[in-house]
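Dear colleague,

I am passing on the structure below, and I would be glad if you could look through it before reading my notes. The notes follow directly after it.

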Amino acid sequence: NNSTVEFWFGVVDNDGEPFEDFTAAATFTHAGIKFSSDAFDFSGSTEFPMMQITNPLTPFLEPVEIGGGDFPFYLHYQLNTSVYNIGDVVYMRIYVNDGEHAENTEIPEVTSIEMYYLQSFFSFVIQ
């Protein structure tokens, strides 16, 4: 508890066939994150803006090669855990938009069949 934690998300928008029409996270028109103690309810949660990173400063995050070229796609957020208590389980959702849609995309999306699986990766415990 009371630590700064860094979250890195690899996100890319692909509107076409694989390796055809990509939009990098660094060019998204919206990138936000919400935290909740309820895995299924983020309605009362505040959304915080995420940084859109083209070239990460950490050695383990490098652009991925897609279609013959490097493709950076990272979103970054730092959280100080002092607002939580030891033992709290905190769930996250990210919200992105590539500028081509009216609504933001929620990840993991509550209506997605993969949501139960993905939600375990979008959570953490305060110790």
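**Strands and aromatic rings**

Strand S1 and strand S9 (residues 74-80) run antiparallel and are joined by seven bridges; strands here are DSSP runs of E with at least two residues, numbered from the N terminus, and two strands pair if DSSP finds at least two bridges between them. Please keep in mind that this is a predicted model, in which local features need pLDDT of at least 70 and side-chain atom pairs count only at pLDDT 80 or more, while totals for chains, interfaces and linings use all residues. Residues are numbered from 1 along each chain as its sequence is written, and side-chain values use heavy atoms, with hydrogens and water left out.

The two strands belong to an open sheet of three strands, which has the order S1-S9-S6 and antiparallel pairing. Its edge strands are S1 (4-10) and S6 (51-53), each of which pairs on one side only. In general, the strands of a sheet pair through backbone hydrogen bonds, either parallel or antiparallel.

Which residue in S9 is the bridge partner of Phe-7? The partner is Tyr-77, and both residues also take part in ring pairs that join them, with Phe-35, Phe-48, Tyr-84 and Phe-124, into a cluster. Rings of Phe, Tyr and Trp (its six-membered ring) pair if their centres lie within 6.5 Å, and planes under 30 degrees apart count as stacked, over 60 as edge-to-face and the rest as tilted.

The structure holds nine such aromatic pairs. One of them is formed by Phe-7 and Phe-124, a tilted pair with 5.4 Å from centre to centre and 40° between the planes. This pair links distant parts of the chain, since Phe-7 lies in strand S1 and Phe-124 in strand S12 (residues 123-125), 117 residues apart. Phe-7 counts as buried because its relative accessibility is 11%, where buried means under 20% relative accessible area, exposed over 50% and partly exposed in between (1.4 Å probe, protein chains only). Phe-124 is buried as well, with a relative accessible area of 14%.

Phe-48 and Tyr-77 form another tilted pair, with 5.9 Å from centre to centre and 35° between the planes. Here Phe-48 comes from strand S5 (residues 47-49) and Tyr-77 from strand S9, 29 residues apart in the chain. Is Phe-48 buried or partly exposed? Phe-48 counts as partly exposed because its relative accessibility is 33%, whereas Tyr-77, at 13%, counts as buried.

With kind regards

Technical notes. Helix = DSSP H or I, 4+ residues; strand = E, 2+ residues; numbered from the N terminus.
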